[in-house]
Protein chains: 2
Amino acid sequence: MSEYVAPLKDMMFVLNELAGLGEIAKLPGCEDATPDLVEQVLEECGRFSSGVLSPLNWPGDQEGAQWKDGAVTTPKGFQQAYRQFVEGGWNALHFPVELGGQGLPKLVSTPVQEMWKAANMSFSLCPLLTFGAIEALMLRGTDEQKTVYLPKMIEGTWTGTMNLTEPQAGSDLALIKSRAVPQSQGDHYRIFGQKIFITYGEHDLAENIIHLVLARTPDAPEGVKGISLFVVPKFLVNKDGSLGARNDAKCVSIEHKLGIHASPTAVMVYGEKDGAIGYLVGEENRGLEYMFIMMNAARFAVGLEGVALSERAYQRARDFAKERIQSRDLGGGRASVSIINHPDVRRMLMSMKAQTEATRALAYVVAAALDTVHHSADKEAVARSQAFADLMIPVVKGWSTETGIDVASLGIQVHGGMGFIEETGAAQYLRDARITTIYEGTTGIQANDLVGRKIAREGGVTAKAVIKVMEAVEAELGKAAGDDLAAIRKRFAAAIDAFAETVDWIVATNGSDIKAVYAGAVPFLKMTGITCGGWQMARAALVAEAQLKAGKGDAGFLKAKISTARFFADHFMSQVPGIRDSIVQGATGVMALSEAQF
Amino acid sequence: MSEYVAPLKDMMFVLNELAGLGEIAKLPGCEDATPDLVEQVLEECGRFSSGVLSPLNWPGDQEGAQWKDGAVTTPKGFQQAYRQFVEGGWNALHFPVELGGQGLPKLVSTPVQEMWKAANMSFSLCPLLTFGAIEALMLRGTDEQKTVYLPKMIEGTWTGTMNLTEPQAGSDLALIKSRAVPQSQGDHYRIFGQKIFITYGEHDLAENIIHLVLARTPDAPEGVKGISLFVVPKFLVNKDGSLGARNDAKCVSIEHKLGIHASPTAVMVYGEKDGAIGYLVGEENRGLEYMFIMMNAARFAVGLEGVALSERAYQRARDFAKERIQSRDLGGGRASVSIINHPDVRRMLMSMKAQTEATRALAYVVAAALDTVHHSADKEAVARSQAFADLMIPVVKGWSTETGIDVASLGIQVHGGMGFIEETGAAQYLRDARITTIYEGTTGIQANDLVGRKIAREGGVTAKAVIKVMEAVEAELGKAAGDDLAAIRKRFAAAIDAFAETVDWIVATNGSDIKAVYAGAVPFLKMTGITCGGWQMARAALVAEAQLKAGKGDAGFLKAKISTARFFADHFMSQVPGIRDSIVQGATGVMALSEAQF
């Protein structure tokens, strides 16, 4: 089975030419991110991902995580790989130097994390959840909590989890029932309740697991304003930092899932005995608010899983299509040829490649905006970048993951009958990808956030600013030479218009018919993703054209970039006007039926 | 877990109002298919499917078929269910009375088979393959072969298989290597070779398995014109009809697949010892031709799997959405409501419902055309129906199955996190559906057949005749009252235009740039499915409107049909102009890259 190979050329192109790595490296605190160092980091990460993580991906899927008597065993090789991961400093890469990290910007950690995810998504979920817990503690933890937990978690010797969901409370966290009872003695609470879908809630990779748990204190108000956040370590930590008694937190089972089999999804019970000891993070009743602050990072990271699985699925399908001999070339000749020569296989591979590159480009550009927010001294740039990132994060999350599913499914299709056989490996990517549109907020939740909080609430101000920037790119395309750029311009112009009309309709309609607006939320998210992904591909084509003209760069890569951008325009941006019609004129049909008519 | 319930109301509506059951029942040999009898048959089949097949679906998936020492054990309950299936006469339903069948038309066996497939796709594959083998023998078998094999196979006590694929020969059957050596003694050949992906190639449901095997005789020409068809029984049959010696045909393993776990997919080895005894069917070197004649039935049947899995996925998602309480209604109120009230869940359910009904309607209309072909004395009607069915079968196969995957995936999404948990059952439908776009010819193969043999070769004559009929429906919509029908008309008119333009482009371009045409083949197949499915939904809306006006029928059902047709128009037919653009103007990007640039 072929291993994942990091697409360094495309990553570096996007970092340098589209996401402005040079500018990010000028920001205070990001000075280490020179192009040379970044390339070294990515090369090293590529080797680790190909050599260590990727070979464990399929065996890990087949073996799966195993539960027995409350303990969870990860698949063979995961412990060793995790040790190498920690020793290599990968877990700490993007955390502040003063906390033991390497202080590299998000724009650099983004391709790094894409590689882990592509090589072994199940493995990558462990650090992903740790990062969420670290951020919660960095953000709202007491000094003592930071001292006790952060160094080990940043190093990776302890991992973290996020405990939100309960059987009756999934998308709707207002329904959370877990209780936190303050104790008259000491600074802690006793936590009682059941949490489900807890990624890496129990495992054998780390010495300790630091659970962050949402629960209600006895007199908390109902609903979302009565939820507090607690830190609940698997093993209590002594004053000297050594591990103490086992806490009353237990993994009672793990789920039997469609995919990510190597990632244990735990059912956690807190307080089977006297109550799990938990420490309040921040203030009481503000837990959900803290979660929402962290949510952006987690959603971005899951969006990146879509990019990563697209890339992995593309690589496998491409390799198969080059090797598999079947049927004659339509252009003539008697011999059977490799199937990459057949137009429909080409179309599938181009779809996979174009969508992978478009979702990657948009994600990296958003990562750069987040770096600007965190590091820039220019207040206006910070505000602009924050608004842009807020608008785009539900799109990176929702669109990249929906696309990842489509791409993984196309990957199976390229393989024909072999794609349906598990040993081929292509099916795993679809199974793994299928969770990404669900966890950290379903695509519907992302889309509601996009149309409600990010468009309607501010009257579409940020979206309109983005449209202005896109129009400038469209004008540049108009000045450039060549059929490909002209074709891209045509589709891009139509997509911008359709997007702008839809934004106007959302703003105009939200007050009078909110259900009509939300009925079109997911199509609008898709439209936004295609338009903004197409925008990045159009920028890429302009850069490629200019570099070719100047005789710079790798001509084969640059020409492919232009062709791929054109393919994206003709095959995806061409959908945008139709999506506008279905949103703006199609809401009637969505809500027309009574419940009984279904 | 909720069981499948046959959608009898929609099935009867489509049979009577769209597919013309009344007309079919007037054809010679179809007189038994009165509306009353058909309704009884469907009700009885619905009970069997819900009560016997459906409860075995999920346990069968979890247990899977098991291989040991050449024998295959089907999951618990399958043997008993298969006995009931045979005793109920279901296997024989659509075969001629003189061969022991019940002589019901295809239009009736179509909803019957849809039910089996929806209730338990893995189970339904056993009779599906038997039917293919029966048709081959009915078509080209000698009288002796017919006498020996057909009665038992039609009854169902013996099953059949189709052995085409070899490791190096999938879509490209020219590469088949299996050998058939004529014997100086007797009327048989000795067969040697390995066949893969043989559905129900070995199992424990029947007394005997009748393999139909493609192989080459010693002096056969190379390529597809040197392939012959043989009947190779698992147990040889004595003169008196009793079972004789075990043939030299062995199942050496079964595949570990993404889905249809209960359906054994066998690797068959013929001739491990002296060669399997096989009897020539028809003439030497014409095997592939015979396969192609049968292919239409098999492709239609797989298309119907798409419809069936869509229905099943829809039912489960709908039931879940009505029960699951989560989040407040956007329209106001403090209490959490069932998620069917949320616009995005509605949109997903409407997408599932609309696509299921559209694919069903088109499939049944094609079934009626096939009945006309087989039974009508009106030569012109036969020719017209044959041309229509030939055009539509790749569409029913390709579009319904691609749609089935999308619908099954949406079904998971409606369930949120629960959808990813195998015990919920929603994931199985996606896993099962994923094979349907691959076997019996991938979507790419269907699409090549559509643009090449069905459009380009005849200059688009049949497609243009279909366009005329669709235009008449569009004109009728123009005369009807109401916003919904006006909205449907608008989208339908645009879709017809885009479809017609694309047909013209294919006809005009095929000679000069065949790769450009084939690069758009799958998008064209999708466009054809949406337009022709939309045509049937438009017809359904017209019928519903007329019945409502006349005060006939179930008003709730009829109003839902109109709303669903409108939803289909606004959300799917609205895509057709964009697809035209990507086909007609987007071919350049498909073939632009060199192999090295991927």
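Visitor: Why is Leu21(A) called buried?

Guide: A residue counts as buried if 20 or more other C-beta atoms, placed from the backbone, lie within 10 Å of its own, as exposed if 12 or fewer do, and as partly exposed in between. Leu21(A) has 24 other C-beta atoms within 10 Å, and therefore it is buried. This is a predicted model, in which local features need pLDDT of at least 70 and side-chain atom pairs count only at pLDDT 80 or more, while totals for chains, interfaces and linings use all residues. Residues are numbered from 1 along each chain as its sequence is written, and chains are lettered from A and ligands numbered from 1 in the order in which they are written.

Visitor: What does Leu21(A) touch, not counting residues up to four places away in sequence?

Guide: Contact requires that the C-beta atoms of two residues, placed from the backbone, lie within 7 Å. By that rule Leu21(A) touches Leu15(A), Asn16(A), Ala33(A), Pro35(A), Val38(A) and Leu107(A), with residues up to four places away in sequence left out. Leu21(A) also lies 7.6 Å from Ala368(A), C-alpha to C-alpha, although 347 residues separate the two in sequence.

Visitor: What makes strand β5 of chain B mostly covered?

Guide: Strands are DSSP runs of E with at least two residues, numbered from the N terminus. In β5(B), residues 189-199, nine of the 11 residues are buried.

Visitor: How do you know that β5(B) pairs with β12(B)?

Guide: Two strands pair if DSSP finds at least two bridges between them. Between β5(B) and β12(B), residues 276-281, there are three bridges in the antiparallel sense, and Ile191(B) stands opposite Ala276(B). With β11(B), residues 265-270, β5(B) pairs over five bridges, again antiparallel, and there Ile198(B) has Ala266(B) as its bridge partner. Four bridges join β5(B) to the antiparallel β4(B), residues 179-182, where Arg179(B) stands opposite Phe192(B).

Visitor: Which residues touch the most other members of the largest nonpolar core?

Guide: A nonpolar core is a set of buried Ala, Val, Leu, Ile, Met, Phe, Trp, Tyr and Cys residues joined through C-beta atoms within 7 Å. The largest one has 414 residues, and those that touch the most other members are Phe230(A), Tyr364(A), Val366(A), Phe230(B), Tyr364(B) and Val366(B). Leaving aside neighbours within four places in sequence, the contacts of Phe230(B) include Ile191(B), Val213(B) and Leu280(B).

Visitor: How many residues of each chain are in contact where chains A and B meet?

Guide: There, 77 residues of chain B are in contact with 76 residues of chain A.
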